[in-house]
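Please keep the sequence and the structure in view while reading.

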Amino acid sequence: MSIDEISASYVDVHCHLTGGEYGDIGGLIEKIESVGVKKVITAGFDLSSSEAGAVLSERYPCVYFTAGFHPTELKKYGEGDLERIEALLNHPKCVALGEIGLDYHYEDTDKTLQHELFLRQLEIAARAGMPVQIHSRDCAEDMFVLLKEHAALLSNGALLHCYSHSPELAREFSKLGIFFSFGGTSTWKGSKRAKKSIAAISFERLLTETDSPYLPPASLYGTFPNTPASIPEITANMAEIKGVETGVMAEQVWANAHRLFKKLN
């Protein structure tokens, strides 16, 4: 690791720290801080993970969280859950509503329910003046149509996390003011679409994530769990694609993250 990389301040805008995959969380926090990852956002995917994120954020200064219902977790959804999610948005370290969105990957997908809960959560975020973290898999056309139709609900900012659609569509999403984050898969040799998207997206809309404990970068391919300590490798890969020094990329991502997530103070 170069001096440029060591002195950089890194941020992981989307990871999952509440599932028990890491063992000692305190040890994990020490590890990620030792490589320069100064802030992490643990993403809620249902009510319990959102509430657990709040607890972690109170315990560790570098941890922030989001609260929301993931599209593949809706079987857990119960009446009143969205009201409790909305209440969590008032927490001083809750930086966004998420992760929410659409996911058509599985055969038993209830698209109607996904659309309904996604839209309801976009409306909650708009009322609360909060940005949203969006999950979007195997649903590119529907996602774009829905977000374009309801663009007014995105006025507080939006992130398409672990962006996997085309670079051409990224340009269209950018017109809606959306940010894009990339993780370990973007470092893989075969990830041509992600690399083309990073090249196509403006510096001002790029962010880094790990989605840990999943999706390790190339140097850790096949290992589990991935951790936010992978952020320097992800940032270096993005910097290489953009033709800049890693420190320059890290500084830009840091600024972008704080511009999107106003409570990431």
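A polar contact is a pair of N or O atoms within 3.5 Å; within protein, one of the two must be able to donate a hydrogen and the other to accept it, and residues adjacent in sequence count only if both atoms are side-chain atoms. Such a contact links the side chains of N256 and Q252, at 2.8 Å. The model is a predicted one, in which local features need pLDDT of at least 70 and side-chain atom pairs count only at pLDDT 80 or more, while totals for chains, interfaces and linings use all residues. Residues are numbered from 1 along each chain as its sequence is written, and side-chain values use heavy atoms, with hydrogens and water left out.

N256 belongs to helix α10, residues 246-260; helices (H or I, at least four residues) and strands (E, at least two) are DSSP runs, numbered from the N terminus. Helix α10 has 15 residues and reaches 21 Å from its first C-alpha to its last, close to the 21 Å expected, where the expected span is 1.5 Å times one less than the number of residues. N256 counts as buried because its relative accessibility is 0%; buried means under 20% relative accessible area, exposed over 50%, and partly exposed in between, with a 1.4 Å probe and protein chains only. The other buried residues of α10 include T246, G247, M249 and A250. Contact means heavy atoms within 4.5 Å. Neighbours within four places in sequence aside, N256 is in contact with F179, F203, E204, R205, L206 and L207.

The sheet comes next. Eight strands form an open sheet in the order β1-β2-β3-β4-β5-β6-β7-β8, and their pairing is parallel. Its edge strands are β1 (10-15) and β8 (206-208), each of which pairs on one side only. From one strand to the next, the twist averages 30°. Two strands pair if DSSP finds at least two bridges between them. In general, strands of a sheet pair through backbone hydrogen bonds, either parallel or antiparallel.

Strand β4 (residues 94-103) and strand β5 (residues 132-137) are joined in the parallel sense over five bridges. Within this pair, I100 stands opposite I134 in β5, and the bridge partner of L102 in β5 is S136. Helix α5 (residues 111-128) packs on the sheet and touches both β4 and β5, its direction making about 160° with that of β4; the axes are lines fitted to C-alpha atoms, for helices over the stretch in contact, and angles run from 0 to 180 degrees between N-to-C directions. Because five of the six residues of β5 are buried, this strand is largely enclosed by the rest of the structure.

A nonpolar core is a set of buried Ala, Val, Leu, Ile, Met, Phe, Trp, Tyr and Cys residues joined through side-chain atoms within 4.5 Å. The largest one has 80 residues, and L147, F173 and F261 have the most contacts inside it. Strand β4 supplies the largest share of this core, six residues. L147 is in contact with F118, L122, I134, L154, F173, L176 and I178, leaving aside neighbours within four places in sequence.

G98 also lies in strand β4 and is buried, as its relative accessible area is 0%. Beyond four places in sequence, G98 is in contact with G44, T66, A67, G68 and Q133. S50, in helix α3, is likewise buried, with a relative accessible area of 0%. A polar atom of the S50 side chain lies 3.1 Å from the backbone nitrogen of G68. Helix α3 spans residues 47-59 and also holds A52, which counts as partly exposed because its relative accessibility is 29%.

Another cis peptide bond runs from F224 to P225, with omega near 0°; P225 is placed in the loop between β8 and α9 (231-242). D138 has a positive phi of about 55° although it is not a glycine, and this residue lies in the loop between β5 and α6 (140-149). D211 has a positive phi of about 55° as well, and its place is in the loop between β8 and α9. D138 counts as partly exposed because its relative accessibility is 48%, whereas D211 counts as buried because its value is 11%. For context, most residues other than glycine have a negative phi, and most peptide bonds are trans.
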